[in-house]
Amino acid sequence: MENINTVSIMQWNTLCSQLATTKSFPYANPTDLQWEIRRKRLASYIQKENADFVCMEEIDNPENFKKEVISPANKYTFLFQFKNNHFMGVAIGYDSTKYTLIGRTTLQMPGNEAKELANQITLIGYFENKFTFKKLCIIVTHLKAKGPNEPARLVQIKAILNFVQKNQIKEKGYDVIITGDFNTEPQDSTVNEINKSNLDFKNCFEYNDKSKDNYIEFTTFKIRDKVYKRIIDYMFYSGKGIKCTAAKTATAEVKEDVGYPNENMPSDHLYLVCKFQLL
């Protein structure tokens, strides 16, 4: 067994099958958009990375996804929660040979300062290692999309941070991971809110120094009316008992005139994989 004092976490916006259309991806090969093709590629990458936890967004048929993408790895128990519009949702797959689920909750996301309910939700899982009894809180979210909605994303990330603080999750002995598709870039206010939080969250990735092993250039690359090549997927961690030791994105060949999805990458997002030492 791999060192029981380490944990690996994979984060991936897997691309909702109902959105994988030639209208949404006019430059992609239509074959690469077909679910029968994409599901095999998704499953292959998840098995290859063999992470302890897989956090995922944009799942629109959870039973099918569980059967065809998660189950082939033969080790994950699957937690899923639809967004409030029931169009798609977020999920956590966890290695139940190593971790026990202590509990789960769904955090309803506000859409504005008035706290009006939004479609977005956040899935939170509480886990305990079966061998070391160390505890992890995994928080996976998919914040509101599109450029003009940065104020809504800021309100939503504040709600997540407030939940962690109000419920004293760290004080209860949990190391905390926040990950997902935030739909915002590193210089924007949503990410800055995490960086300045008194909860001491650290970013697993580097965006400026190309010499760093954890440097990333982009996490999504698609071509529609224009080229969208951005960093919008993240993994943050906090706790006295956890330290990130490695962080990477998927390495998949891309054609600059096509972007993703393509024959190498079944989503328009690259996945992230981070490894942590549990101290």
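Guide: Buried means under 20% relative accessible area. The model discussed here is predicted.

Visitor: Why does Lys222 count as buried?

Guide: Lys222 has a relative accessibility of 13%. The cut-off is under 20%, so a residue with this value is called buried.

Visitor: What makes the contact between the side chains of Asp268 and Lys222 a salt bridge?

Guide: The N to O separation between the side chains of Asp268 and Lys222 is 3.0 Å. A salt bridge requires a Lys or Arg side-chain nitrogen within 4 Å of a carboxyl oxygen of Asp or Glu, and therefore the pair qualifies. The two residues belong to distant parts of the chain, 46 residues apart: Asp268 is in the loop between strand S13 (242–249) and strand S14 (272–278), and Lys222 is in strand S10 (residues 220–223).

Visitor: How do you know whether Asp268 is buried or exposed?

Guide: Asp268 has a relative accessible area of 3%. Since buried means under 20%, Asp268 is buried.

Visitor: What makes the approach of Ser267 to Asp268 a polar contact?

Guide: The side chains of Ser267 and Asp268 are joined at 3.4 Å. The limit for a polar contact is 3.5 Å, and for residues adjacent in sequence both atoms must be side-chain atoms, so the pair is counted. The side chain of Ser267 also reaches the backbone oxygen of Asn13, at 2.6 Å.

Visitor: Why is Ser267 called buried?

Guide: Its relative accessibility is 0%, and the cut-off is under 20%, so Ser267 is classed as buried. Ser267 lies in the loop between S13 and S14 and touches residues including Trp12, Leu15 and Tyr260.

Visitor: Why are Arg153 and Glu150 said to be separated by about one helical turn?

Guide: Arg153 and Glu150 are three residues apart in helix H3 (residues 150–166), which means a separation of about one helical turn. Their side chains meet in a salt bridge at 3.0 Å, N to O. Arg153 has 2% relative accessibility and counts as buried; Glu150, with a relative accessible area of 14%, is buried as well.

Visitor: How do you know that Asp52 forms a salt bridge with Lys98?

Guide: The closest N and O atoms of Asp52 and Lys98 are 2.9 Å apart. The limit is 4 Å, so the pair is a salt bridge. Asp52 is in the loop between helix H1 (35–49) and strand S2 (53–59), while Lys98 is in the loop between strand S4 (89–95) and strand S5 (99–110). Both Asp52 and Lys98 are buried.

Visitor: How many salt bridges does this rule give?

Guide: The count comes to 13 salt bridges. Glu36, Arg39 and Glu68 are linked in a network of salt bridges.

Methods. Residues are numbered from 1 along each chain as its sequence is written. This is a predicted model: local features need pLDDT of at least 70, side-chain atom pairs count only at pLDDT 80 or more; totals for chains, interfaces and linings use all residues. Side-chain values use heavy atoms; hydrogens and water are left out. Helices (H or I, at least four residues) and strands (E, at least two) are DSSP runs, numbered from the N terminus. Buried means under 20% relative accessible area, exposed over 50%, partly exposed in between (1.4 Å probe, protein chains only). A polar contact is a pair of N or O atoms within 3.5 Å; within protein, one must be able to donate a hydrogen and the other to accept it, and residues adjacent in sequence count only if both atoms are side-chain atoms. Contact means heavy atoms within 4.5 Å. Lists of a residue's contacts leave out its neighbours within four places in sequence.
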